[in-house]
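Reader: I would like to go through this model term by term. Please set each value against the rule behind it.

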Amino acid sequence: MKARHVLGILSLAALFAVSAPWASYAEEAAKNGGSPINMELQQLDAEAKLANEQAYVVPDTLLAAFEEASKQYKVPRDLLIAMGWNESRLSNHEGLPSFENGYGIMNLVSNPVKQTLEKASQLSGLDVNLLKSDDKSNIMGAAALLAEFQKTANPGFRESPNLSDWSNAIKMYLGSENDELNVSYLQQVLGTSKLFIPSGNKVTIKNEIVISALAGKPVVKPIWKAAHPTNYATGNRGRGTITHLVIHVMQGTYAGSISWAQQKHDGPSAAHYYVRSSDGEITQMVKDKDIAYHARSANSYTIGIEHEGYVSDPKKWFTSTMYNQSAKLAALMCYTYGIPVDRSHIKGHSEYPNQTHTDPGSGWDWTTYMRYVKAWYAEYQK
Ligand SMILES: [Zn+2]
């Protein structure tokens, strides 16, 4: 057995010496100014550019609600729109709460560790149920909150249309104990306002920042933010014991989900990785070797990858950039731990046994995602 194994390695080495795949790769790369050549990735790039040409126009009724709340609480209209875009992509999810029990376009939250819904009700005098279900009230409540945060953070502050003058209030709206996360949230909100395209009385928002699949090598460098130790179990896993990937959708925002996993709470939960919709930024919160609590009975043998957004709103959240960056990560996991790159080993949360969640839902584009994963896997193998 052993001798045959050695022979196998020798003949494999001989094969490599003859065909020398890395030499042909290097030659090809040199011809192309150093970029990897992968026809599949070039094709995916072209498709992503086409998809990105669609921009979102804020509906008139919502625009009027943002304008009214802006006048009432002297919070810039475009700040409110940018916040709403970040929290919900301007969707009320037909009254269904986010994973953290947040409601409406502005994701006013009511849970044991965060009560922006109750606070908004106190400040605006609007009933909690109205704040949950009525778009106009929900936006009004959020404006009241932001005005209050601004007063607390900057006493003596006067009105300013400049969004960056609201930095502290924006950070307080997320309200994470981790200021790095608050700053990251702030940058997203300010970044969103730069995606606005002025067009008469309309506000149009570009849907995503497309990062070319061909830009750079398949490097994945997640930001590390540790989950609270109650949200995972220490393990000693690796090749052979990590055998599957679980694809999740957060039913909430990137910043909100990271903040949640950093805290201790009932129903412990965290995934290993979190991917952002707008630009595919990745945060790792649990080490691969450890067992994150994300998919019940499947936790012990899987790595969980969470994606920002909502199952009900795939077009606005599942950007080609997020698919691309997540696929780089998934391909790296497959390459590192010897996981086969197929749909029996890379599955959605709802496809594992005995799960109650429906993510990633029918809007998750498995065909595109698996094309990206396979294309990146081929790059790792070079
Ligand atoms: Zn899930």
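Reader: Which residues lie nearest the centre of the largest pocket, and how many residues line it?

Author: The model is predicted, so local features need pLDDT of at least 70 and side-chain atom pairs count only at pLDDT 80 or more, while totals for chains, interfaces and linings use all residues. Residues are numbered from 1 along each chain as its sequence is written, and side-chain values use heavy atoms, with hydrogens and water left out. The largest pocket is lined by 29 residues, and those nearest its centre are Phe99, Ser269, His294, Glu306 and His357.

Reader: What makes a space a pocket and not a cavity?

Author: The grid has 1 Å spacing and covers the protein atoms alone; a pocket is an open set of points with protein on both sides within 12 Å along at least five of seven lines, whereas in a cavity a 1.4 Å probe fits but cannot get out. A residue belongs to the lining if it has an atom within 4 Å of a point. The largest pocket has a volume of about 600 Å³, a volume being the space filled by probe spheres set on points joined across faces, edges and corners.

Reader: Which elements supply the lining of the largest pocket, and how does it divide by class?

Author: β8 (244-249) and α11 (254-261) each give at least two residues, with α11 giving the most, 3 residues. Helices (H or I, at least four residues) and strands (E, at least two) are DSSP runs numbered from the N terminus. By class the lining has 13 nonpolar, 12 polar and 4 charged residues. Here Ala, Val, Leu, Ile, Met, Phe, Trp, Tyr, Cys and Pro count as nonpolar, Asp, Glu, Lys and Arg as charged, and the others, Gly among them, as polar.

Reader: How many cavities of 30 Å³ or more are there, and what lines the largest cavity?

Author: The count is 2 cavities. The largest cavity holds about 80 Å³ of space, and its lining includes Asn86, Tyr185, Arg276 and Glu308. α10 (179-193) gives the most to this lining, with 3 residues.

Reader: Why is Leu90 called buried?

Author: Buried means under 20% relative accessible area, exposed over 50%, and partly exposed in between (1.4 Å probe, protein chains only). Leu90 has 5% relative accessibility, so Leu90 counts as buried. Leu90 is in the loop between α5 (77-88) and β2, and its phi is positive, near 60 degrees, in a residue other than glycine. Asn107 also counts as buried, because its relative accessibility is 5%. Asn107 lies in the loop between β2 and β3, with a positive phi of about 50 degrees.

Reader: How do you know that the buried residues of α6 are on the same side?

Author: In α6 (residues 116-124), the buried residues are Thr116, Leu117, Ala120, Ser121 and Ser124. They cover an arc of only 140 degrees around the axis, which means that they lie on the same side of α6. The arc is that of the directions from the helix axis to the C-beta atoms.

Reader: What makes β6 and β13 edge strands?

Author: The open sheet of 6 strands runs β6-β10-β9-β12-β8-β13, with mixed pairing. β6 (223-224) and β13 each have a single partner strand, so one side of each is left without a neighbour in the sheet. Two strands pair if DSSP finds at least two bridges between them. β8 and β12 (residues 302-307) run parallel and are joined by 6 bridges.
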